[in-house]
Every structure is written in structure tokens, then in C-alpha cells.
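Good morning, and thank you for coming.

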Amino acid sequence: MKIAEDKNYKKLSAFWKENGLEIEVLEEMPEEVLKAWSITDEDGRLIAAAAVEYRDSAFVIADLAVDPEFRGQNHAKALMKLAEQAILDAGGRDAWLVGKVPGFYTKLGWKIRGREEAPDISKCLTCQDFQVSCHPRIMHKEIAAVHSLET
Ligand SMILES: CC(C)(COP(=O)(O)OP(=O)(O)OC[C@H]1O[C@@H](n2cnc3c(N)ncnc32)[C@H](O)[C@@H]1OP(=O)(O)O)[C@@H](O)C(=O)NCCC(=O)NCCS
């Protein structure tokens, strides 16, 4: 397995879409995407990917997905660690995300927050279906505080 920064946005966005994320497949990396990473297997097959975005003066972890065949092997956890470190390296202290699987993120120290508390990070913030027919959670983490406790 190889984990590395990946700039091939067309390939990444197609992968995220195939794995159930609401994303448009684009040739070029949108300007709000600061960095993206992928994990590939020995044959170069893409098996997991994630990105960090900067929106409304906030860092956002976006588009995390793992190929169903390779779930439960800590690949998502490894990508989250890289993404959080990249936010710290870019001078961020905290981050936001829209979590479809809150239980995964709470294990990593993320907390559920009200959507009225969040910066403008997602169309969920104004969507009428939010918590009506669609149930993601707005989540936040004080990354700097958690990382300083770990070291
Ligand atoms: C959510 C997802 C990224 C998890 O990927 P994964 O590679 O299986 O996760 P990991 O193996 O790194 O799991 C790390 C930990 O989270 C836990 N976990 C994984 N999925 C979970 C879930 N859906 N709910 C609660 N905990 C979960 C694991 O049990 C593991 O716990 P442990 O450290 O105590 O053993 C993957 O299921 C996926 O791609 N889903 C479809 C796309 C999606 O919903 N992405 C999130 C958008 S917000």
C-alpha cells in the first residue's frame, strides 16, 4: 500500500462519486481544495482518498471514502491523520466536516455541533432536507489541542 498526495482530481472525484459521495466529477482541482491524498495498492489501484478544503476561512475535511473491499483496515483513519496534520502545518488549529458516519469521527475526537455554529462549509447548512430526510452531522475538532495531548 502507498499513501501519498494526489493531484489527479478527475480520478479522485470519480472515485468519491463511485463510493457514494455527492460530488461532481471534474478535470481540474477546484480552488477550495488545498490538498488531496490517495491510498493505492501494489497494482496502483485507488482504494481510498480524502481531501482538505478551505472554505469561509475554515479548514474542512472533505470527501473521505474507502473502497468497500478495503474497509475496516484503518485506511480512513490514516487519511484523517494526514489531513489533520496538513491543517496544523497550514497554520490551522481546528477543522469542520459534514459527517455521514458520525460514529467514525467521534472515535477520532470530533464533536457534533449545531449547524448554526458552523461557518459556510456546505450546502447542508441551508438545505431543507437536513435532519428531515437526510441525516449528516456537522462536526468540529480542536486539532491542535488533541495533537498536543497525543505527543
Ligand atoms: C466511513 C469510511 C470512510 C470508513 O473507512 P474504513 O477504512 O472502514 O475506516 P477505518 O478502518 O479507518 O476505521 C477506523 C475506526 O473507525 C471505525 N469505523 C469505521 N466505520 C465506521 C462507521 N460507519 N461508524 C462507526 N465507526 C466506524 C472502525 O471500527 C475503526 O475503529 P477502531 O479504531 O476502534 O478499530 C468508509 O466506510 C466509507 O468510505 N464509507 C462510504 C463513504 C462515506 O460515507 N464517507 C464519509 C463521508 S462523511
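Angles between axes under 35 degrees count as roughly parallel, over 145 as roughly antiparallel, 65 to 115 as roughly perpendicular and the rest as oblique. The axes are lines fitted to C-alpha atoms, for helices over the stretch in contact, and angles run from 0 to 180 degrees between N-to-C directions. Helices (H or I, at least four residues) and strands (E, at least two) are DSSP runs, numbered from the N terminus.

Please note that this is a predicted model: local features need pLDDT of at least 70, side-chain atom pairs count only at pLDDT 80 or more, and totals for chains, interfaces and linings use all residues. Residues are numbered from 1 along each chain as its sequence is written.

The axes of α2 and helix α4 (residues 143-150) lie 10 Å apart, at an angle of about 110°. α2 and α4 are therefore roughly perpendicular to each other. In this contact (C-beta atoms, placed from the backbone, within 7 Å), E84, I87 and L88 of α2 meet I143, A144 and H147 of α4.

I turn now to helix α1 (residues 9-18), whose buried residues are L12, S13, F15 and W16. They cover an arc of only 155° around the axis, taken from the directions from the helix axis to the C-beta atoms, which puts them on the same side of α1. K10 and E18, on the other side, are exposed. Buried means 20 or more other C-beta atoms within 10 Å of a residue's own, exposed 12 or fewer, and partly exposed in between, with C-beta atoms placed from the backbone. The cover over the buried residues of α1 includes β2 (33-40), β3 (46-55) and β4. After α1 comes G20, with a positive phi near 90°.

How values were computed:
Two residues are in contact if their C-beta atoms, placed from the backbone, lie within 7 Å.
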